[in-house]
Amino acid sequence: MDISNWTVEDFVIDETFVDWVISPRPDNQRYWQGLLERHPHQRKSAEQAREILLRMERQPTSLELKDKTLLWQGIKKKIVDEAADQRLIGYNSRVDTIKTARYRLSQFHKVAAILLVASGLSLVVNLTKEHQDVSMPPAPVEYAEHKVPAGAKASITLADGSKVLLNSESILRYKKNFEPNRRALYLEGEALFEVQKDSMKPFIVYSGSLATMAIGTSFNIHAYEPEAVKIYLLAGKALVTDSLHQEAQMFLEIGEAASKNSQGIIQKSSFDEEEVTAWTKGIIILDKTPIYSAIQTLEKWYGVSFHLRNEPPEGLTVSGKFENEQLKNILDGLSYSARFVFDIEGKQVFIRFIKP
């Protein structure tokens, strides 16, 4: 493993490093001592990350909102504010110029920033008690929101250079100037994220009850239903946390997906990248897909409403791969195997299944 360019944050979210700090054993002790002997310049960052993890282990409870506010008021007293123009590009090609602040943080406050976005963060309060100041009222919060209707997709470039491709019937919200310590976004629907690395401002996407923290990462989130969220890691690394149970965490490697099962437990699985990202290339893949799920996909994709004149055969599934096809051509292709006839009237599609 090459740790020569790791930041404190990289250590904090590395699964093997966390395992060594929290559950030291002879094998991981030898492994990490060997790594740090080969990279002595990283000992300071590793020690800072170790202290973060040990404090989190000792104090697992969550911060109250008022504690977070007090914490960041203390941290901001040590921050140098440099105003800089940033551009926010929306999917409708309208460019809004906004003012945002860039902050230089001392190493102490870098660690505090990392702590605030990791899970189990009550420990941070103790780091900044001496700087607390509640005299200033909070500034008004402005959110940017992008809504994509059925039958459309949206390409967004965020102020930090990260790119987001939003699928049909999706909503993305975030603070216009982000926060000093993190880039937090809220997703309903589906999106592909290509994240610009910024070790001082982790990129976190909230979808349903799951929070995905990524660094220099590409990942796809499918979250049309809050109880059926799935995260697919395409590049880099990510940490998935259940916001309802912050002790539930999972590290993802490339090619791994995370979701919650029926018992509410985060579980890991593999996935087919071509199938997951097909929508970003204008491709619809149906692979023994239940007919009702296929209809929902086509409704989102083409912005139409389907009306069934009779019930489909029980257990009916459809398959096919369609690239930038017109809806009529797709229905023509599916109608032979699924045995139905159809009519398209504007945005309405009527289907009648042929009974054997």
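Glu188 is exposed, with a relative accessible area of 51% (exposed means over 50% relative accessible area, buried under 20%, and partly exposed in between, with a 1.4 Å probe and protein chains only). The residue is found in strand E7 of a predicted model, in which local features need pLDDT of at least 70, side-chain atom pairs count only at pLDDT 80 or more, and totals for chains, interfaces and linings use all residues. Residues are numbered from 1 along each chain as its sequence is written, and side-chain values use heavy atoms, with hydrogens and water left out. Strands (E, at least two residues) and helices (H or I, at least four) are DSSP runs numbered from the N terminus.

Leaving aside residues up to four places away in sequence, Glu188 touches Glu169, Ser170, Ile171 and Ala223, a contact being heavy atoms within 4.5 Å. Between Glu188 and Arg173 the C-alpha to C-alpha distance is 8.9 Å, at a sequence separation of 15 residues. Glu169 lies in the loop between E5 and strand E6 (170–175). Its phi is near 55 degrees, a positive value in a residue other than glycine. Glu169 is partly exposed, with a relative accessible area of 41%. A positive phi, near 50 degrees, is also given for Asn324, again a residue other than glycine. Asn324 is placed in the loop between strand E16 (317–323) and H10, and Asn324 is exposed, with a relative accessible area of 61%.

Strand E7 (residues 183–194) also holds Arg183. Arg183 is buried, with a relative accessible area of 1%. The side chains of Arg183 and Asp160 are joined by a polar contact of 2.4 Å. A polar contact is a pair of N or O atoms within 3.5 Å; within protein, one must be able to donate a hydrogen and the other to accept it, and residues adjacent in sequence count only if both atoms are side-chain atoms. A polar atom of the Arg183 side chain also lies 2.6 Å from the backbone oxygen of Lys201. Not counting residues up to four places away in sequence, the residues that Arg183 touches include Ser162, Phe178, Pro202, Phe203 and Ile204.

Across the protein chain there are 10 helices and 18 strands. Of its 356 residues, 46% count as buried. Among contacts in the chain with a separation of 6 or more, 53% are accounted for by residues 24 or more positions apart.

The empty space of the model was then examined. Rolling a probe the size of a water molecule over the atoms shows where empty space is left. On a 1 Å grid over the protein atoms alone, a cavity is a set of points where a 1.4 Å probe fits but cannot get out, and a pocket is an open set with protein on both sides within 12 Å along at least five of seven lines; lining residues have an atom within 4 Å of a point. Grid points are joined across faces, edges and corners, and a volume is the space filled by probe spheres set on the points.

The second largest pocket holds about 980 Å³ of space. Its lining has 29 residues, with Glu190, His222, Glu275, Ile285 and Thr297 nearest the centre. Two or more lining residues come from each of strand E9 (210–223), strand E10 (230–242), helix H8 (273–277), strand E14 (283–290) and helix H9 (291–302). E14 gives the most, with seven residues. By class, the lining of this pocket comprises 13 nonpolar, nine polar and seven charged residues (Ala, Val, Leu, Ile, Met, Phe, Trp, Tyr, Cys and Pro count as nonpolar, Asp, Glu, Lys and Arg as charged, and the others, Gly among them, as polar).

One cavity of 30 Å³ or more is counted. About 50 Å³ of space lies in the largest cavity, which is lined by Ile291, Ala294, Ile295, Leu298, Phe306, Leu331, Leu334, Phe340 and Ile351. H9 and helix H10 (327–338) each give two or more residues to this lining, and the largest share, four residues, comes from H9. The lining has nine nonpolar, no polar and no charged residues.

Confidence is expressed as pLDDT, the predictor's confidence in each residue, from 0 to 100. The protein chain averages a pLDDT of 77, and 74% of the residues score at least 70. Mean confidence is highest in strand E5 (residues 163–166), at 96, and lowest in strand E2 (residues 95–104), at 31. The pLDDT is below 50 over residues 71–113, a stretch with 88 contacts in the model beyond near neighbours in sequence. It is also below 50 over residues 115–136, where such contacts number 58.
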